[in-house]
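Trainee: I would like to learn how to read a protein model, feature by feature. Can we go through one together?
Mentor: Gladly. Here it is.

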Amino acid sequence: MNHSVSRLTSVRCANALTASGWQKNCVVQFSDQGRIESVREDETSDVDLYLEGIVIAGIPNLHSHAHQKAITGLTEHRVPGQDDFWGWRELMYRANSRLNPEQLQIIANYLYIDMLLKGYTSVAEFHYLHHQPNGTPYSNQSEMSERLFDAASEAGIAITLLPTLYCRGGFENEPIKDAQNRFYHDPDGYLRLLSECHSLCAEDPDRSIGIAAHSLRAVSPQDLNATITHAKSILKDAPIHIHVAEQIKEVNDCVAVNSARPVSWLFDQCDVTHQWCLIHATHVDREEQALIARSGVTVGLCPATEANLGDGIFPASELIANNGFFGIGSDSQVSTSPAHELQLLEYGQRLSRQKRAVLVTDATKSNGRSLIDAAVIGGNRAQGEFVCGLQPGSRGDLVELNSDHVEFSNRTLDQVLDTWIFSGPFNPVKTVIVGAKQVVQNGVHPNREAATTAYRRMIQSLALTET
Ligand SMILES: [Zn+2]
C-alpha cells in the first residue's frame, strides 16, 4: 500500500502532544523522506490535512513475532505436566512447523493492519522462522524476511526487521531440537542473511534492520560478540535485541551453568550499550536494575504476553526511579493494542505494590500521558531512533484520537489519554500517519477487508486446532 500512498507535506493539529508538551493549532511539516522538519504554532498556512482530534506521536511496537498470531486462543487449556511457558512453546513450535512463506505474509499483513488500527505505527519484528520446516534453507535464504518486509509495506507500517541468531539448544551448548531446525544459523550464515536483509531496506525510509540474538540459551556470548563485531561493519548504529530473564527456569539454568543471573551475566560477557534492547528482563535483582539503568539500554516489556505465559512482573517502578527506559511490544499477539499493553503494565505494578499511579514519571503529567511518553521514547530507541516524538528530526508518525468519542466527554487532554488507557477496551484511533503517509482514515484501513478475507481462508486451511 505505501507504494501508492504519497507522503504528506504538512498537517495541522487542533491539539497535539509534542515532545515539549501539549500545543494547540500547530503545523507539523514533513520532509520528502517522511521525517518531521518542524512543529510550529501556525493558524494560517495551507496544509494537506487538518486533524481536529487529539494528536500524539505514533507508538512503536518494539517486539513482535508475527507468526504467533495464528495460535492466539489455541493454548488456553490445561496440558498435563506442561501447563506453563515451556508447554506453550511446544504447541507454538508445532504450529510453526506448518507455515510456508506465503502464509507468513498473509498473517503478518493482517496483523500489521490490526496494529495500525489500534495506534502502533512501527514494529520491531523479532524474526527467527528462517528456513523450511526440516531446516533446509529456502533457495532464496531471505525468503521469509522478504515476506515480512512485504507484509509491512503492504500494510503501511514502518518495520525494523530483527533477523535472529539461534545457534544452540541450551546454556551448555546442547544441540537444537528438530522443532528448532527452522531457526538455526551458524554466525557466518546469519551474517549473510543480515547482509541480504540490509539490501532489502535500501532506499526505503520505512524499513530498517537490527541485530538480534534469540536468547542466552540459544547463543553463546562468544558467538554473540563475534557476530556483533562483524555485523557492525554493515550496520554501525543498529539496535541489538535479545530475550532475557523471561522465566525463572531460565534464570536457574543460567545460574547453574554460569554462576550468574542472566542479566548480570550478559553485562559481564558483552558490551551492553544504549543500542541494546532487553526483551522482558522480567526477573532482575537490584544490582541488575542498576546495570540496566546505567547502560541506557531499553527494556522491552510485553505485559499481555508476559501475563498470558505466566512469566512474572518486571519491577518497572524501580526502572523509572533510576531514569531507565522501557517500551512495549505485542510479542505473542494476544493483544495488539498499545493502550491495553500500557493498562496491563500499570495494573501489574499496582497489584504487586498495592498502590495507584505507580508509573507516573513526572508530577506534571497524568499516568496515561507518562506511559505514552515513555513508550514512545523507549520504543523508538529500540528501533535506533534517538530523536522521537513530535519534534524536528523524528519519524513522521502520528496518531489522531477521535475527540468526539463519547468516552472523552468533558475530559482534559491528559484525561483523554488516561481514559483511553484505563477505561478500555474501546478504540478511538481515527487517523494514523506513518512516515508522513496517511494509512488509516476515519478509523478505516483500505486493505483491511482483503487482508481479513485472506487471513480467514489461510487459518481455515492451516487447521491448527488439530495440532
Ligand atoms: Zn519474544
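Trainee: Does Phe183 count as buried or exposed?
Mentor: A word of care comes before the answer: this is a predicted model. Buried means under 20% relative accessible area. Phe183 has 1% relative accessibility, so Phe183 counts as buried.

Trainee: Which residue forms an aromatic pair with Phe183?
Mentor: Start with the general idea. A pair of aromatic rings is described by the distance of the centres and the angle of the planes. The whole structure holds seven aromatic pairs. In one of them, Tyr128 partners Phe183. Their centres are 4.7 Å apart, and their planes stand at 80 degrees. That makes the pair edge-to-face.

Trainee: Where in the chain do Tyr128 and Phe183 lie?
Mentor: Tyr128 is in the loop between β6 (120–127) and α3 (143–155). Phe183 is in the loop between β7 (158–165) and α4 (187–201). They are 55 residues apart, so the pair links distant parts of the chain. Tyr128 is at 3% relative accessibility, so Tyr128 also counts as buried. Ring pairs join Tyr128 and Phe183 with Tyr93 and Tyr166 in a cluster.

Trainee: What kind of pair do Phe408 and Phe426 form?
Mentor: An edge-to-face one, with centres 5.6 Å apart and 65 degrees between the planes. Phe408 sits in the loop between β14 (398–401) and α13 (413–422). Phe426 sits in the loop between α13 and β15 (429–434). The pair therefore ties together parts that are 18 residues apart in sequence. Phe408, at 4% relative accessibility, counts as buried. Phe426 counts as buried at 16%.

Trainee: Which charged residue sits over the ring of Phe325?
Mentor: Arg381 does, with its charged end 3.7 Å from the ring centre. Look at Phe422 too: Arg350 lies over its face, 5.1 Å from the ring centre.

Trainee: How many residues does the largest nonpolar core have?
Mentor: General idea again. In soluble globular proteins, nonpolar side chains tend to be buried together. Here the largest nonpolar core has 140 residues. Among those with the most contacts inside it are Val11, Tyr112, Trp276 and Leu398. Helix α2 (residues 101–118) gives the largest share of this core, 10 residues. Domain 1 (10–57 + 396–449) and domain 2 (59–381) both contribute residues, so the core lies between them.

Trainee: Which residues are the protein donors of the zinc ion?
Mentor: His63, His65 and His243, each through NE2. They lie 2.1 to 2.2 Å from the zinc ion. Along the chain, the donors follow the spacing H-x1-H-x177-H. His63 is in strand β5 (residues 59–64) and His243 in strand β10 (residues 240–244), so this pair ties together parts 180 residues apart in sequence. His63 is buried, with a relative accessible area of 0%. His243 is buried as well, at 8%.

Trainee: Are Cys254 and Cys277 buried or exposed?
Mentor: Cys254 counts as buried, at 0% relative accessibility. Cys277 also counts as buried, at 0%.

Note on methods: Residues are numbered from 1 along each chain as its sequence is written. This is a predicted model: local features need pLDDT of at least 70, side-chain atom pairs count only at pLDDT 80 or more; totals for chains, interfaces and linings use all residues. Side-chain values use heavy atoms; hydrogens and water are left out. A nonpolar core is a set of buried Ala, Val, Leu, Ile, Met, Phe, Trp, Tyr and Cys residues joined through side-chain atoms within 4.5 Å. Buried means under 20% relative accessible area, exposed over 50%, partly exposed in between (1.4 Å probe, protein chains only). Helices (H or I, at least four residues) and strands (E, at least two) are DSSP runs, numbered from the N terminus. Domain bounds come from an automatic or database domain assignment. Rings of Phe, Tyr and Trp (its six-membered ring) pair if their centres lie within 6.5 Å; planes under 30 degrees apart count as stacked, over 60 as edge-to-face and the rest as tilted. A charge sits over a ring if NZ of Lys or CZ of Arg is within 6 Å of the ring centre and within 35 degrees of the ring normal. Donors are N, O and S atoms within 2.8 Å of the metal (3.2 Å for Na, K and Ca); water is not among the atoms, so sites may look incomplete.
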